[in-house]
Amino acid sequence: MSEMAWFTLVSTVAAAVAIALGALGPAIAMGRAIAQALDALARQPEAERSITRTLFIGLAMIESLAIYVLVIVLIILFRNPLLEYLVK
């Protein structure tokens, strides 16, 4: 295999691993946040608005981490900055 083929293969594998890990972390965090919010709602139903508002803000912050990972992976796949060192 040529250097370019190896580089493409390694970049693709790295992107796949990054998106897998980048989606796994926020998914676990979202599950825990929702579980804790439901527990808080069960204990204190009168604080529903406050808990729900805080939950949605927290979920948006967690989801932004997954979106950042997606952007970095797309950069690695389609506009790899290291590619210019390989191509002469």
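Aspartate 39 and arginine 43 are four residues apart in helix α1 (residues 3–43), so about one helical turn separates them. Helices, here and below, are DSSP runs of H or I with at least four residues, while strands are runs of E with at least two, and both are numbered from the N terminus. The structure is a predicted model, in which local features need pLDDT of at least 70 and side-chain atom pairs count only at pLDDT 80 or more, whereas totals for chains, interfaces and linings use all residues. Residues are numbered from 1 along each chain as its sequence is written, and side-chain values use heavy atoms, with hydrogens and water left out.

Aspartate 39 and arginine 43 form a salt bridge, in which the closest N and O atoms are 3.4 Å apart. Aspartate 39 is partly exposed at a relative accessible area of 34%, while arginine 43, at 67%, counts as exposed. For these labels, buried means under 20% relative accessible area, exposed means over 50%, and partly exposed lies in between, with a 1.4 Å probe and protein chains only.

In the protein there are 6 positive and 6 negative side chains, and the centres of the two sets lie 3 Å apart. In this count Lys and Arg are positive and Asp and Glu negative, whereas His and the chain ends are not counted; each charge is placed at NZ of Lys, CZ of Arg, CG of Asp or CD of Glu.

## Overall form

The protein has three helices and zero strands, and along the sequence they follow the pattern α-α-α. The radius of gyration of the protein is 20 Å, well over the 12 Å that the globule rule gives for 88 residues, so the protein is more spread out than a compact globule. That radius is taken over C-alpha atoms, and the rule is 2.2 Å times the number of residues to the power 0.38. Along the principal axes, the C-alpha atoms fill a box of roughly 65 × 15 × 10 Å.

Of the 88 residues, 15% are buried. The protein exposes about 6800 Å², of which carbon and sulfur atoms supply 72%, where the area comes from the Shrake-Rupley method with a 1.4 Å probe.

Contact means heavy atoms within 4.5 Å. Among contacts between residues at least 6 apart in sequence, 78% join residues at least 24 apart.

Valine 73, found in helix α2 (residues 48–78), is buried with a relative accessible area of 6%. When residues up to four places away in sequence are not counted, valine 73 touches Ala15, Ala18 and Ile19. Serine 11 has its place in helix α1 and is also buried, at 11% relative accessibility; leaving aside neighbours within four places in sequence, serine 11 is in contact with Ile76, Leu77 and Asn80.

Isoleucine 72 lies in helix α2 and is partly exposed at 47% relative accessibility. Threonine 12, in helix α1, is partly exposed as well, at 39%.

| Pair | Apart in sequence | C-alpha to C-alpha distance |
|---|---|---|
| Valine 73 and alanine 16 | 57 residues | 8.0 Å |
| Isoleucine 72 and alanine 18 | 54 residues | 8.9 Å |
| Threonine 12 and valine 71 | 59 residues | 14 Å |

Key:
Salt bridge = Lys/Arg side-chain N within 4 Å of Asp/Glu carboxyl O.
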